[in-house]
Amino acid sequence: MKHLTDEEIMLAIATGKLELMTILFERYQVRIYNFFRKMTQNKMVSEDLTQDVFIKVIKYRASYNQGNFAAWIYTIARNIFSSHYQTTKKERTILIDDNKLESNENSISESQQEELDHLQKALQKLSNSDRELIVMHRFQEIKYQQIAQIIGSTENAVKVKVHRALKKLKEIYFQKEI
């Protein structure tokens with residue numbers, strides 16, 4: 001069963017073969033978690049939101065319409081993040097320092113960690129939509145076409161938006177103090 005495409009597996013799940021959900025979970029759990037991790041900077045929240053995505057995939061499996069599965073699941077993730085953002089908007093403060101970017105922490109030097117921290121702070125200064133585009137394109141390596149499907153836009157518009165978001169990130173990153 002692992003040789004099936006994501007779309008074939010999701011269609012089987014939609015017809016009731018829920019046991020195949022483990023395959024999609026294995027394929028997407030880390031990617032979705034990393035998406036939330038970069039968007040929220042909070043490990044526990046990211047775990048909860050990731051769990052919510054897979055619950056919604058199962059709950060709304062009948063609404064899957066044979067499109068690109070990655071675009072569909074990221075649309076769900078994006079909607080969950082938006083809901084989370086709205087509900088926690090009032091409680092939110094500046095970055096939580098103890099939940100900094102932890103990727104590759106075993107193999108990076110202290111100066112690299114400082115650069116990663118600085119980049120993470122710059123990333124958090126962007127608007128949610130700009131940060132989301134950069135996270136999806138640069139960190140999740142989602143293609144422009146899929147991002148366009150996820151956010152309901154055109155591929156060219158996404159390219160322009162990502163370029164503009166990267167330009168803003170660069171400006172923020174090179175400021176002396178963030």
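In the predicted model, helix 6 meets helix 8 through Asp130, Leu133, Ile134, His137 and Arg138 on the helix 6 side and Lys161, Val162, Ala165, Leu166, Lys168 and Leu169 on the helix 8 side, where contact means heavy atoms within 4.5 Å. Helices (H or I, at least four residues) and strands (E, at least two) are DSSP runs, numbered from the N terminus. By class, the contact of helix 6 with helix 8 has six nonpolar, one polar and four charged residues; Ala, Val, Leu, Ile, Met, Phe, Trp, Tyr, Cys and Pro count as nonpolar, Asp, Glu, Lys and Arg as charged, and the others, Gly among them, as polar. The angle between helix 6 and helix 8 is about 105 degrees, and their axes are 9 Å apart. Axes are lines fitted to C-alpha atoms, for helices over the stretch in contact, and angles run from 0 to 180 degrees between N-to-C directions. Helix 6 is thus roughly perpendicular to helix 8 (angles under 35 degrees count as roughly parallel, over 145 as roughly antiparallel, 65 to 115 as roughly perpendicular and the rest as oblique).

Residues are numbered from 1 along each chain as its sequence is written. Because the model is predicted, local features need pLDDT of at least 70 and side-chain atom pairs count only at pLDDT 80 or more, while totals for chains, interfaces and linings use all residues, and side-chain values use heavy atoms, with hydrogens and water left out.

Helix 6 spans residues 128-139, and nine of its 12 residues are buried. Buried means under 20% relative accessible area, exposed over 50%, and partly exposed in between (1.4 Å probe, protein chains only). The buried residues of helix 6 are Asn128, Asp130, Arg131, Glu132, Leu133, Ile134, Val135, Met136 and His137. These buried residues pack against helix 2 (21-40), helix 4 (69-88), helix 5 (110-125), helix 7 (144-151) and helix 8 (155-173). Just after helix 6, glutamate 141 has a positive phi of about 55 degrees.

The packing of helix 2 with helix 6 has an angle of about 145 degrees and a distance of 10 Å between the axes. The crossing of the two is right-handed; a crossing is left-handed if the near helix is turned anticlockwise from the far one by less than a right angle, and right-handed if clockwise. Phe35, Lys38 and Met39 of helix 2 are in contact with Asn128, Arg131, Glu132, Val135, Met136 and Phe139 of helix 6. The residues of this contact divide into five nonpolar, one polar and three charged.

Helix 2 also packs with helix 3 (residues 43-59), at an angle of about 140 degrees and with the axes 8 Å apart. Helix 2 and helix 3 are therefore oblique to each other. Their crossing is right-handed. On the helix 2 side, the residues in contact include Met21, Leu24, Phe25 and Tyr28, and on the helix 3 side they include Val53, Phe54, Val57 and Ile58. The contact of helix 2 with helix 3 comprises 13 nonpolar, four polar and three charged residues.

The structure contains nine aromatic pairs. Rings of Phe, Tyr and Trp (its six-membered ring) pair if their centres lie within 6.5 Å; planes under 30 degrees apart count as stacked, over 60 as edge-to-face and the rest as tilted. Tyrosine 28 and phenylalanine 69 form an edge-to-face pair, with 5.1 Å from centre to centre and 70 degrees between the planes. Tyrosine 28 belongs to helix 2 and phenylalanine 69 to helix 4, so this pair ties together parts that are 41 residues apart in sequence. Both tyrosine 28 and phenylalanine 69 are buried. The rings of phenylalanine 69 and tryptophan 72 have centres 6.0 Å apart and planes at 45 degrees, so the pair is tilted. Phenylalanine 69 and tryptophan 72 are three residues apart in helix 4, and are therefore separated by about one helical turn. Phenylalanine 69 has a relative accessibility of 0% and counts as buried; tryptophan 72, with a relative accessible area of 16%, is buried. Tyr28, Tyr64, Phe69 and Trp72 are linked by ring pairs into a cluster.

Tyrosine 173 lies in helix 8 and is partly exposed, at a relative accessible area of 22%. The C-alpha atoms of tyrosine 173 and lysine 121 are 8.2 Å apart, while the two residues are 52 apart in sequence.

Overall, the protein has eight helices and zero strands. Of its 178 residues, 39% are buried. Among contacts in the protein with a separation of 6 or more, 61% are between residues 24 or more positions apart.
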